[in-house]
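Please look through the sequence and the model shown below before reading on.

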Amino acid sequence: MARTFTRRRAIAIFAAAAGLPLLTRTEGAARPLTWRGQALGAPATMILNHQDPVESTRLVALVVAEVSRLEKVFSLYRDDSALTELNKVGALVAPPQDLVSLLQRSRGFWEATGGAFDPTVQPLWKLYYRHFSAIDPDPAGPAQAEVASVLKRVDFEGVKFNRDRIVMRPNMALTLNGIAQGYITDRVVDMLRNAGVTSCLVDMGEDRAIGSRPDGTPWRIGLAEGEDGRPDQILNIVNKAVATSSAAGFHFDEAARFGHILDPRSGGTPRLYQRVSVVAGDATTADAFSTSFNVLDEIAIRRIARSSIDLTIHVVDEAGNPSRIESKA
């Protein structure tokens with residue numbers, strides 16, 4: 001039986017319990033407002049520094065409303081979401097602009113990664129989940145013939161879209177779980193910046209900082225293999241986003257041989273790394289690359305980094321060896 005899904009990411013903001021204080025209150029500064037909730041089924045957190053507590057409360061209410069609105073666009077688990085309707089019917093007339101915008105961004109990442117990032121991987125995910133949810137499933141995974149058959153439905157080229165309509169080839173389906181949390185994080189950051197916020201840490205499944213902490217020091221993001229563990233690496237960020245992906249975030253099988261990060265080109269579930277973390281200027285970029293880099297070797301990752309701007313990639317291989325890859329400045 002497949003394990004219960006908890007959280008896709010192996011990234012966490014570690015507070016005092018993990019020995020990593022998030023911020024230091026400076027003399028005369030207002031107490032930060034911390035909000036916790038959910039975004040697309042994942043834990044979400046926002047630490048907002050603002051002199052006016054009434055305004056802070058108003059901004060949090062706006063953020064909660066925006067996250068709820070975007071869930072009705074991107075969620076796979078809501079019957080009333082635009083994505084659910086698209087997957088059910090295969091077409092969507094007058095789609096939400098956010099969905100079109102994210103599909104446009106997705107096409108760019110699909111092209112940049114040579115197909116390693118592909119939102120049409122959803123039928124493959126369903127195949128693995130269905131296989132391991134059956135009684136007494138074959139521990140070797142789905143038959144190769146089944147995988148090959150489903151792979152015929154995995155190709156982002158089969159999705160056509162503009163601001164008026166989205167159409168997919170028959171029997172295709174989309175998941176935006178490898179990018180939508182980053183997009184939601186960016187939308188929240190845009191709202192807060194437009195409202196004049198200069199110090200905030202937003203985590204809507206991926207993390208993005210507005211400015212620095214109130215005392216001028218960077219925000220500190222802890223990385224760990226498990227959500228309950230102590231961080232083995234700390235990233236300091238100012239006006240940057242961080243996304244981390246790990247196959248260990250969810251396994252289809254009890255033996256933990258088949259992770260949730262699927263290669264849309266081969267249909268396999270490779271585990272090349274313990275963890276891949278991407279620091280970028282926006283959370284959408286960090287999210288998409290952290291997902292797709294898990295199925296690419298380091299040569300391919302370095303090639304993509306060379307053609308990109310403002311990326312820092314932290315890789316921990318299966319043996320536990322860390323490496324750092326920098327893109328153009």
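How many aromatic pairs does the structure hold? In this model, which is predicted rather than determined by experiment, the structure contains 13 aromatic pairs. One of them joins F74 and Y183, whose ring centres lie 5.5 Å apart and whose planes stand at 80°, so the pair is edge-to-face, given that planes over 60 degrees apart are counted in that way. Because F74 belongs to helix α1 and Y183 to helix α6 (residues 180-194), this pair ties together parts that are 109 residues apart in sequence. Both partners are shielded: F74 is buried, with a relative accessible area of 1%, and Y183 is buried too, with a relative accessible area of 10%.

A second pair has another geometry. The rings of W125 and F250 have their centres 6.1 Å apart and their planes at 20°, so they are classed as stacked, the cut-off for that label being under 30 degrees. W125 sits in helix α4 (residues 122-133), while F250 sits in the loop between β11 (241-245) and β12 (273-280), so here the pair ties together parts that are 125 residues apart in sequence. F250 is buried, with a relative accessible area of 3%.

For α1 and α6 the angle is about 150° and the axes are 10 Å apart; since angles over 145 degrees count as roughly antiparallel, that is how α1 and α6 are related to each other. The crossing in which α1 passes α6 is right-handed. On the α1 side, the residues that meet α6 are L59, L62, V63, E66, V67, R69, L70 and F74, and their counterparts in α6 are A180, Y183, I184, R187, V188, M191 and L192.

As for I313, if its neighbours within four places in sequence are left aside, its contacts are V276, S277, V278, F293, I301, A305, S323, R324 and I325.

Notes: Residues numbered from 1 in each chain as written. Predicted model: local features only at pLDDT ≥ 70, side-chain atom pairs only at ≥ 80, totals over all residues. Heavy atoms only, no water. Contact = heavy atoms within 4.5 Å. Phe/Tyr/Trp six-rings, centres within 6.5 Å; stacked < 30°, edge-to-face > 60°. Helix = DSSP H or I, 4+ residues; strand = E, 2+ residues; numbered from the N terminus. Buried < 20%, exposed > 50% of the residue type's maximum accessible area, 1.4 Å probe, protein only. Axes fitted to C-alpha atoms, helices over the stretch in contact; angles between N-to-C directions. Parallel < 35°, antiparallel > 145°, perpendicular 65-115°, else oblique. Left-handed = near helix turned anticlockwise from the far one by under 90°.
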